[in-house]
Amino acid sequence: MLAADKASNALGIEPVELRDGYALLRMTVTELMINGHGIAHGGYVFLLADTAFACACNRAGSVTVAATAEIDFIRPAQEGDELVAEAVERTRFGRSGIYDITVRRGTEIVAEFRGRSRTLRSGDR
């Protein structure tokens, strides 16, 4: 799935570790990701977290999408920062799941993201 994700690949998002219910991804903040305040645009931080979420909740043979997601921005990221997003499955029930994703710069937390997933039936696609 990640290999076919054109948006994530265009941003240079790279997998560090992927397994069922867990994903660790990294991305370097580039000049093109900087907003009018001189810091990383929140949409790019969200996209990194959302990509980690997608990697953690998709299993072989299934198509799982976000039902809802929210993010809390804790501190700004700067051009040149390497951000790491760690996604952890909290629970799966039926076709739904809850995932927590922490975006860090080194040991500092940049953002906390919570995503709720829904696995589609073959007729839903």
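1. **Ground rules.** Helices (DSSP runs of H or I, at least four residues) and strands (DSSP runs of E, at least two) are numbered from the N terminus. This is a predicted model: local features need pLDDT of at least 70, side-chain atom pairs count only at pLDDT 80 or more, and totals for chains, interfaces and linings use all residues. Residues are numbered from 1 along each chain as its sequence is written, and side-chain values use heavy atoms, with hydrogens and water left out.

2. **Overall build.** The protein contains 2 helices and 6 strands. Their order along the sequence is α-β-β-α-β-β-β-β. The radius of gyration is 14 Å, close to the 14 Å from the globule rule for 125 residues, so the protein is as compact as a globular protein of that length. That radius is taken over C-alpha atoms, and the rule is 2.2 Å times the number of residues to the power 0.38. Along its principal axes, the C-alpha trace spans about 45 × 25 × 25 Å.

3. **Surface and contacts.** The accessible surface is about 6800 Å². Carbon and sulfur atoms hold 50% of it. Such areas come from the Shrake-Rupley method with a 1.4 Å probe; for residues, only the protein chains shown count as cover. Of the 125 residues, 36% are buried. Buried means under 20% relative accessible area, exposed over 50%, and partly exposed in between (1.4 Å probe, protein chains only). A contact means heavy atoms within 4.5 Å. Among contacts with a separation of 6 or more, 62% link residues 24 or more positions apart.

4. **The sheet.** All of the order is β1-β2-β4-β5-β6-β3: 6 strands in an open sheet, paired antiparallel. β1 (14–19) and β3 (64–73) are the edge strands; each has a single partner, so one side of each is left without a neighbour in the sheet. From one strand to the next, the twist averages 15°. Helix α2 (residues 42–57) packs on this sheet and touches β1, β2, β3, β4, β5 (96–105) and β6 (108–119). The helix direction makes about 150° with that of β2. For such angles, axes are lines fitted to C-alpha atoms, for helices over the stretch in contact, and the values run from 0 to 180 degrees between N-to-C directions.

5. Two strands pair if DSSP finds at least two bridges between them. β2 (residues 22–28) and β4 (residues 82–93) are antiparallel partners over 7 bridges. Leu25 has Ala85 of β4 as its bridge partner, and Arg26 stands opposite Val84 in β4. β4 and β5 pair antiparallel over 9 bridges. There, Thr91 is bridged to Ile98 in β5. In a regular strand, side chains alternate between the two faces of the sheet.

6. **The β4–β5 turn.** These two strands form a hairpin with 2 residues between them. What is the phi of Gly94 in the turn? Gly94 has a positive phi of about 60°.

7. **Asp100.** This residue belongs to strand β5. Asp100 counts as buried because its relative accessibility is 16%. Which side chains does Asp100 meet in polar contacts? One is that of Arg90, at 2.9 Å. Another is that of Arg114, at 2.6 Å. A polar contact is a pair of N or O atoms within 3.5 Å; within protein, one must be able to donate a hydrogen and the other to accept it, and residues adjacent in sequence count only if both atoms are side-chain atoms. Leaving aside neighbours within four places in sequence, the contacts of Asp100 include Glu86, Ala87, Val88 and Phe113.

8. **β6: Arg116 and Thr119.** Arg116 sits in strand β6. With 30% relative accessibility, Arg116 is partly exposed. Beyond four places in sequence, Arg116 touches residues including Phe53, Val65, Glu70 and Gly97. Arg116 and Ser96 are 20 residues apart in sequence, with C-alpha atoms 7.0 Å apart. Thr119 also has its place in β6. Thr119 is buried at 12% relative accessible area. Other contacts of Thr119, beyond four places in sequence, include Ser62, Arg92 and Arg95.

9. **α2: Val45.** Val45 lies in helix α2. Is Val45 buried or exposed? Val45 is buried, with a relative accessible area of 4%. Not counting residues up to four places away, Val45 touches Ala40, Ile71, Phe73, Leu83, Val103, Val110 and Ala111. Val45 and Arg95 are 50 residues apart in sequence and 27 Å apart in space, C-alpha to C-alpha.
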